[in-house]
Amino acid sequence: MDFDATRPIYLQIIDLHKRALMTGELKPRDKILSQRDFAQRYNVNPNTVQRAYREMEALGLVETLRGQGTFIAATEEMLDTMKQDMARSILDSFVQEMKILGFSLQQALELAQEAWQEEESRL
Amino acid sequence: MIQFKQATKRYGPTLALDNITITLPENKIIGLFGPNGAGKSTLLKAAAGLVRLSSGNVTVAGKAPRQMRAHLAYLPEQNTLPFAWTIKRAAEFYRAFFADWDEDRYQKQLVMLNLREDMKFGHISKGQLAKARLLLTLARQAHCLLLDEPFSGIDIIARGEITRALVYDYSEGQQTMIISTHEIDEIENLVEHVVFIDSGRAAVFGDADELRCQEGKSIVTIMKEAFRHGSEQVEHV
């Protein structure tokens with residue numbers, strides 16, 4: 001993957017793992033790449049990877065077992081909360097943008113419904 | 001930590017370093033950027049203890065660079081190895097000369113960089129020569145690596161191989177690596193701290209992530225802008 005060079009890379013590494021958890025690509029107790037392997041796979045500074053992994057540990061997202069590797073430690077409960085948080089922030093920016101454009105709640109809901117149906121019919 | 005205090009270096013009428021005061025943090029990968037003739041090579045040579053400053057001083061971990069030589073691995077921009085030598089012969093030389101030579105590292109990197117020990121410096125391509133010289137520098141377990149234009153004049157494939165070699169060998173949290181280059185793109189994801197120098201002065205410097213957040217731009221863009229502004233504008237984080 002390519003990193004967005006305008007945002008701190010360690011945050012993007014954390015997001016990458018969060019997203020993989022949301023989509024089910026990664027599941028609780030899965031083993032993830034070692035820091036060294038991650039750095040080499042994505043050509044990122046090993047210090048940056050170390051920082052991201054440390055932060056993920058502090059968040060309870062992963063745990064590192066000595067001599068065994070790093071594993072997803074997030075529980076189903078945490079995943080739910082993360083999903084809610086992410087949905088909330090998507091909605092926040094949606095609401096903000098729609099307000100700026102001058103739409104009422106009713107109009108915004110209608111448009112959202114329309115867009116939702118279009119998206120589904122495309123699948 | 002490498003500290004330059006009011007460092008000035010003159011080569012005859014040319015001012016290579018102009019009263020530069022800057023601190024390069026320890027145990028990080030640092031990008032040293034700037035146009036040709038900005039003073040990048042002189043800065044690295046001063047840190048390696050290879051040039052005497054005209055005034056001011058530079059310290060590495062609080063000591064004079066000359067005293068720190070055993071802990072510094074310096075890769076000069078130009079090749080200094082005899083063209084008649086093979087990689088094997090050069091490795092023997094380095095092995096005998098440097099106490100921190102790491103044979104295991106050397107063997108692994110040799111394979112990673114797609115090199116062979118029987119290759120002669122005079123007979124290989126520019127890219128292979130660059131990789132071979134880097135190999136010898138990286139095979140030392142030096143605490144501080146000073147790499148002057150490791151990507152200069154080589155193709156995109158070899159550049160990628162070099163970046164990979166740098167990542168592969170880096171001991172996180174334990175090694176300082178300073179890379180001077182024009183290929184900012186190549187090491188955008190690698191550098192944690194950046195210094196942009198122009199006309200012997202530090203124009204922009206700071207933590208790469210802080211600069212990204214502050215400007216909402218990539219390091220490449222920030223450096224390009226610094227390049228355009230030249231030395232008129234001085235900013236730091």
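Which residues does B:Val60 touch, not counting residues up to four places away in sequence? Good morning, colleagues; I shall answer that after a word on conventions.

This is a predicted model, in which local features need pLDDT of at least 70 and side-chain atom pairs count only at pLDDT 80 or more, while totals for chains, interfaces and linings use all residues. Residues are numbered from 1 along each chain as its sequence is written, chains are lettered from A and ligands numbered from 1 in the order in which they are written, and side-chain values use heavy atoms, with hydrogens and water left out.

To return to the question, B:Val60 touches B:Met1, B:Ile2, B:Ala47, B:Pro65, B:Met68 and B:Leu72, where contact means heavy atoms within 4.5 Å. B:Val60 is buried, with a relative accessible area of 6%; buried means under 20%, exposed over 50% and partly exposed in between, for a 1.4 Å probe and protein chains only.

B:Val60 belongs to strand β4 of chain B. Helices (H or I, at least four residues) and strands (E, at least two) are DSSP runs, numbered from the N terminus. Strand β4, residues 55–60, pairs with strand β1, residues 2–11, in the antiparallel sense over 5 bridges; two strands pair if DSSP finds at least two bridges between them. Here B:Gln3 has B:Thr59 as its bridge partner. β1(B) also pairs with β2(B), residues 14–24, in the antiparallel sense over 7 bridges, and B:Ala7 stands opposite B:Ile20. In the hairpin of these two strands, with 2 residues between them, B:Gly12 takes a positive phi near 60 degrees.

I turn to the interior. A nonpolar core is a set of buried Ala, Val, Leu, Ile, Met, Phe, Trp, Tyr and Cys residues joined through side-chain atoms within 4.5 Å. The largest has 77 residues, and those with the most contacts inside it are B:Ile87, B:Phe121, B:Leu166, B:Ile219 and B:Met223. Apart from it lies another core, of 29 residues, including B:Phe4 and B:Ile20.

What does B:Phe121 touch, not counting residues up to four places away in sequence? Among its contacts are B:Trp85, B:Ile87, B:Leu129 and B:Leu136.

Finally, B:Val60 can be set against a residue elsewhere in the chain. The C-alpha atoms of B:Val60 and B:Ile197, 137 residues apart along the chain, are separated by 19 Å. Thank you for your attention.
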